[in-house]
Amino acid sequence: MDVKVNRVYKDRLFRLIFSSKEELLALYNAVRGTQYKDAEALEITTLDDVLYMGMKNDLSFLLDDVLNLYEHQSTYCPNMPLRGVFYLADIYRKYVDASGGDLYGSRRLMLPLPQYLVFYNGTAQLPDRMVLKLSESYYLPEGLAAEPSLECSALMLNINLGHNRELMDNCRKLWEYAVFVERIRERLAAGEQLEEAVKQAVDICMKEGVLADILRTQRAEVEELMWAEFNEERFIAKEKEYSWEDGNKAGKVKGRAESILEILEELGTVPEELRRRLLEETDLQRLKNWLKEAIKAASIEDFAENMDK
């Protein structure tokens, strides 16, 4: 089955699993080491109506004056702090509006403490915990000694099987999710096509009692979600590969043109028109031929005459 990547938005299994307050509270307790029992104390603040660059805010909720923003990522993204700024700003705006706060008044508006977590289960070898900061994305003008006026930190937790064992031990559903994803990857590594790998992983996990409740009642939806998610993961990986190849080629083109110019400059002043032609050329083979001509040339004029032969 050829599943096209939906770049607008596809929901994720992670969000489906933790969409219930009970499971979300269990995840919260595992992360923070708390023992909250009343799931109804959670106030969901997830931005269901907001899309930013094709991605929804996965899970956000208020509990005991703490604003929790939980995001799931199957590929490493260093821009999570920037996305967090957009998400948090919108959540706080709605919070202030709902509480009737006067943003322009003389009384300070008190806000719930933000806690931003990214649950990562991509294939890159990353540590159990990483802190990503918005300030790492700022330009640093030379000579300017100033602290950034805006910061946003995201704690990224690796939830692949074998990582963050204590967290997994304390949240059964998170561990089961990691097992399910690992079962799909095992089937793919064995040479199965994606559709068959997902189907086989579902069968295996149901026998093992892994996510059995969800897989039994929502099998078709889960399979569709995983087809889309793994296709998206492959799409992003391929885009990065193409980007690297394009960048690598561009680097070689620029380097070869500059090498020709360095040789010619030993012979005299390179005319601006000739310099421009060399720097604008994108054909690597042609530049290779020109480099040979530049090495043999007795003068710039000699090189220019032999360029198109």
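Trainee: Why is the contact between Arg12 and Glu229 called a salt bridge?

Mentor: A salt bridge is a side-chain nitrogen of Lys or Arg within 4 Å of a carboxyl oxygen of Asp or Glu, and the side chains of Arg12 and Glu229 meet at 3.9 Å, N to O, so the pair is called a salt bridge. This is a predicted model, in which local features need pLDDT of at least 70 and side-chain atom pairs count only at pLDDT 80 or more, while totals for chains, interfaces and linings use all residues. Residues are numbered from 1 along each chain as its sequence is written, and side-chain values use heavy atoms, with hydrogens and water left out.

Trainee: What makes Arg12 count as buried or exposed?

Mentor: Buried means under 20% relative accessible area, exposed over 50%, and partly exposed in between (1.4 Å probe, protein chains only); Arg12 has 5% relative accessibility, so Arg12 counts as buried.

Trainee: Why is Arg286, the salt-bridge partner of Glu281, called partly exposed?

Mentor: Its relative accessibility is 41%, a value between the 20% and 50% limits, so Arg286 counts as partly exposed, while Glu281 is buried at 12%. The closest N and O atoms of Glu281 and Arg286 are 3.4 Å apart.
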